[in-house]
Amino acid sequence: MKILVTGGTGYIGSHTVVELQKKGFEVIIVDNLSNSYANVVDQIEQISGIRPAFEELDLTNTEKTNDFFNHHFDLKGIIHFAAFKAVGESVNDPLMYYRNNIGSLVNILENMKIHKIENLVFSSSCTVYGQPEILPVKEDSPILKALSPYGNTKQISEEVITETSQVSHIKAILLRYFNPIGAHESALIGELPLGIPNNLVPFITQTAIGLREQLSVFGSDYNTPDGTAIRDYIHVVDLAQAHVVAIERMIGNKGKKDVEIFNLGTGNGFSVLEVINSFEKVSHVKLNYKIVDRRAGDIEIVYADTTYANDELGWKAKKTLDEMMLSSWNWEKALAEKK
Ligand code: NAD
Ligand code: WQD
């Protein structure tokens, strides 16, 4: 049972490789290392005792991607994580995002057609919902106009996959992640943001460890109980396990439609201040933060209705916010020890 994991040395990909290996899948990773490091393969081996195959490959390079598939066509499925994901960067350089995120997907789908590879799991995002009118948000909630080129690449990718599936043998599961945080309990793999983090949790842990002076809390005048914005944070290992369930569902032909969509969240919304409080509680570190203006483009509140994923996939996120924050903190401390 060989599975290709694109972007498998990245944050969510690396955790998914470990969970696939635990379930007995043979994994081959391709990644161009544009946002990750080759030594993640060693860390995965340290956790699981199994070294995944790894090829450095830029999936936008059509010739090299075709060549890769000519040598690796006996795949039971593909989990496609490889993409750029920085919202702000995508606003400044939209073409870089369309080329990378759409170009690599097209190359993969073309090879799936040629080599009769059936099953694709795709990393989508709750960003496709924008600010939903009805909460918690269900999978059939309207797709609103994307707020960034990055968000638009996820909307377009979902369409490209759906349209291709209609005229081919390709089946897909589109997984819409809410806010993935946390790290593996071994603290051997986790998120490695380049430069100044945009996301809340890496910014919190980097501030607490002394890499950043102060966290800015973006806005305290939202229409929420404490005035700060609310998100559905999900532990990366819970998220990774959902990918294994999804690929097993496809291999076992248990899907109800050729393209299925699932929300991956906990179903619980937490405010920025609740996240900070949880961090301070589990780390015993007082965080230096101040309230500033809202961040442009941020939505007020979003959290998932996970009923469909829970019922259909038989999967449920298990980790609490405190567990998520503790694992993020342990990862940050492990990184500091290596320096
Ligand atoms: P990541 O940057 O850690 O991992 C992505 C990996 O893909 C990196 O290792 C990068 O080197 C690789 N990559 C990028 N372009 C490539 C290319 N052209 N060829 C080969 N490899 C390439 O990001 P992540 O957080 O693990 O995200 C994985 C996926 O999940 C992405 O598609 C992202 O858009 C999506 N997603 C992430 C989040 C989040 O908050 N982390 C939320 C929703 C969706
Ligand atoms: C969470 C909350 C901020 C940083 C982004 C992408 C989205 C998806 C997930 C990929 C918000 C607040 C943050 C800080 C803060 N990624 N915050 N101070 O904005 O929900 O979503 O990541 O698909 O597409 O847009 O996540 O972690 O940036 O922010 O107060 O320094 O924390 O305002 O309320 P977000 P985030």
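The legends below describe close-up views of a predicted model.

Local features are given where pLDDT is at least 70 and side-chain atom pairs where pLDDT is 80 or more, whereas totals for chains, interfaces and linings use all residues. Residues are numbered from 1 along each chain as its sequence is written, chains are lettered from A and ligands numbered from 1 in the order in which they are written, and side-chain values use heavy atoms, with hydrogens and water left out.

View 1. The domain assignment, whose bounds come from an automatic or database source, gives domain 1 as 2–181 + 234–264 and domain 2 as 200–230 + 267–334. Their centres, taken over C-alpha atoms, are separated by 24 Å, and 24 residues of domain 1 are in contact with 23 residues of domain 2, contact meaning heavy atoms within 4.5 Å. About 2300 Å² is buried between the domains, 66% of it on carbon and sulfur atoms; buried area is the accessible area (1.4 Å probe) that two parts lose on being put together, summed over both. On the side of domain 1, Ile181, His235 and Asp238 lose the most area to domain 2, together 25% of what that side buries.

**View 2. Polar and charged pairs between the domains.** Three salt bridges are counted between domain 1 and domain 2, a salt bridge being a side-chain nitrogen of Lys or Arg within 4 Å of a carboxyl oxygen of Asp or Glu. Twelve residue pairs, both members at pLDDT 80 or more, are in polar contact between domain 1 and domain 2; a polar contact is a pair of N or O atoms within 3.5 Å, and within protein one must be able to donate a hydrogen and the other to accept it, with residues adjacent in sequence counted only if both atoms are side-chain atoms. β10 (233–235), α8 (236–251) and β11 (259–264) each supply at least two residues of the side of domain 1 that touches domain 2, where helices (H or I, at least four residues) and strands (E, at least two) are DSSP runs numbered from the N terminus.

**View 3. The surroundings of ligand 1.** Of the 28 residues around ligand 1, Asp31, Asn35, Ser36, Asn100 and Tyr150 come nearest, a residue being near if one of its heavy atoms lies within 4 Å. A nitrogen atom of ligand 1 is 2.7 Å from an N or O atom in the side chain of asparagine 100, while a backbone N or O atom of leucine 59 lies 3.0 Å from a nitrogen atom of the ligand. An oxygen atom of ligand 1 is 2.8 Å from a polar backbone atom of phenylalanine 81.

**View 4. The surroundings of ligand 2.** Ser125, Tyr150, Ser216, Arg231 and Asp298 come nearest among the 18 residues around ligand 2. A nitrogen atom of this ligand lies 2.7 Å from a backbone N or O atom of serine 216, and an oxygen atom of ligand 2 is 2.9 Å from a polar backbone atom of phenylalanine 218.

**View 5. Backbone geometry in two loops.** The peptide bond from leucine 135 to proline 136 is cis, with omega near -5°, and proline 136 lies in the loop between β5 (119–125) and α6 (149–166). Leucine 33, in the loop between β2 (26–31) and α2 (40–48), has a positive phi of about 60° although it is not a glycine.
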